[in-house]
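Hi everyone, thanks for making time.

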Amino acid sequence: MEFSSQLQKSNIRWYLLGILLAVELLMSFSFLGYFHVEPISITTAYIPVLLAGTLMGPLESTVLGFAFGLASMWKASASYVMATDQLFSPIMSGNPVGSILLSVGARTLFGLMIGFLYLGARRLRWKGWGVAVVTYLGPTIHACLVYTFLWIFFPLAGYRPIDGLADFFAPAEVVANLAIAGLVLLLWRMEQSRIWRQFLTRVTTAHRLQLTERYHSLSLILIVVVTVCSSVAVAFYFVHRMDYVLTQRGMDLTGDGYVNLLHLQIQFLVGILSLMALVIFFLIFNRRYATYTNYEARTDSLTGVMNRRAFFQICTKVLDGMEEQGGSTGYFIMMDIDWFKEINDSYGHPEGDRALKEAARSLRDIFDSDGLIGRVGGDEFAVLLYPSISREELEVGLRHLMERIHNIRWEGHRLSCSIGALPVARRQAVEELYRDADQLLYTAKEAGRDRYIIGTY
């Protein structure tokens with residue numbers, strides 16, 4: 001059994017989705033998403049939707065499309081925007097349902113379509129070309145969808161679906177599409193790289209090591225709540241002060257003027273909060289990187305798992321956290337390699353080192369996602385599994401581990417191991433767990449080695 005590596009990946013997916021949502025809102029409420037350089041105007045607020053489809057999947061790109069549509073609808077709901085833009089607002093257009101479907105529905109459908117197109121592109125033999133083509137066509141697909149919805153719900157505006165193709169061959173549009181395709185392709189290539197895989201390993205390992213540090217999550221939530229409340233207070237304060245200053249200068253705001261001022265201030269607020277969210281994500285990953293660096297310093301240099309001191313220290317924190325959360329059914333496992341001294345004596349220490357490294361790799365592949373692994377002696381390894389798992393699940397994992405160990409061979413011989421596993425269902429010191437699990441390990445060796453014994457509560 002290989003424990004939940006997918007759960008670790010999903011944790012990173014949540015962070016990546018949050019980052020893209022923050023970028024989407026920041027672009028929607030700033031010139032990053034729409035800028036005008038004579039003689040052309042370029043819209044780029046759909047780029048996070050493309051990135052979500054490229055790096056994740058249809059579900060995430062649909063969520064980004066939905067957020068894109070909400071932001072567009074909000075910007076259109078002000079009296080100072082042009083008449084055509086007001087068609088995107090359910091307040092201003094006179095057709096609320098049509099405007100919601102135009103603003104939110106078209107962008108959500110765009111996210112869904114682009115997500116499935118990327119999904120198909122990644123299954124092609126030439127994946128990179130597929131991703132590049134879908135990205136290049138993305139802005140045109142978006143434009144065609146918007147014009148189609150305009151044609152359906154606001155036919156008097158005079159737009160047709162084919163209008164989305166009007167600028168397809170325009171030099172400015174070609175250059176912009178090529179630049180966006182290059183950016184998305186570059187980020188997709190980076191996501192496929194060894195550097196990104198190493199990054200995932202480091203942050204997920206750090207996250208696992210920080211599970212018991214609950215005060216960091218609580219403090220982060222408190223900071224977010226205080227920041228949002230403070231930002232809202234500042235936004236309303238400045239609206240009132242601007243109203244006061246204008247009145248002092250003899251420029252009284254009408255009802256619409258005050259509403260428009262508040263509307264703009266809220267856009268500014270959302271943009272600033274999005275920027276702050278990106279800073280928070282950066283701080284989270286920066287802390288995890290520092291945690292992983294500290295973890296590496298406490299790693300056994302030969303096997304890559306924790307050394308004895310670090311293992312016992314972190315186990316103590318995890319066990320304390322299990323106690324605070326009402327207890328959990330985990331397991332403390334002791335494993336050592338059978339006849340290890342004879343391996344060193346007969347085949348030399350390099351072969352003994354290889355056996356240790358291969359055994360440690362097998363432990364990591366099977367238990368690393370849901371446990372702590374340490375080398376606690378010459379050929380002894382310990383594992384603390386702290387999620388709640390059944391005995392049947394544990395046995396599947398142990399059998400898989402023993403099969404992996406058996407696959408370590410040389411000169412017609414195969415490696416074997418003995419294992420003792422002790423359930424953790426009450427508050428126990430790590431030294432006590434180590435002693436009792438080691439006794440089970442000794443019992444397994446006395447019974448003939450190459451087996452596991454699981455204790456009872």
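I'll start with the nonpolar cores and then move to the aromatic side chains.

A quick word on ground rules: this is a predicted model, so to speak of local features we need pLDDT of at least 70, side-chain atom pairs count only at pLDDT 80 or more, and totals for chains, interfaces and linings use all residues. Residues are numbered from 1 along each chain as its sequence is written, and side-chain values use heavy atoms, with hydrogens and water left out.

By nonpolar core I mean buried Ala, Val, Leu, Ile, Met, Phe, Trp, Tyr and Cys residues joined through side-chain atoms within 4.5 Å. Buried is under 20% relative accessible area, exposed over 50%, and partly exposed in between, with a 1.4 Å probe and protein chains only. The largest core has 31 residues, and Ile333, Phe367 and Leu394 touch the most other members. Elements that each supply at least two residues include strand 3 (330–337) and helix 14 (391–406); helices here are DSSP runs of H or I, at least four residues, and strands are runs of E, at least two, numbered from the N terminus. Helix 13 gives the largest share, seven residues. A second, separate core of 25 residues includes Leu20 and Ile180.

Now the rings. Phe, Tyr and Trp rings (six-membered ring for Trp) pair if their centres lie within 6.5 Å, with planes under 30 degrees apart stacked, over 60 edge-to-face and the rest tilted. That gives nine aromatic pairs. Phe311 and Phe312 have ring centres 5.8 Å apart and planes at 85°, so they are edge-to-face.
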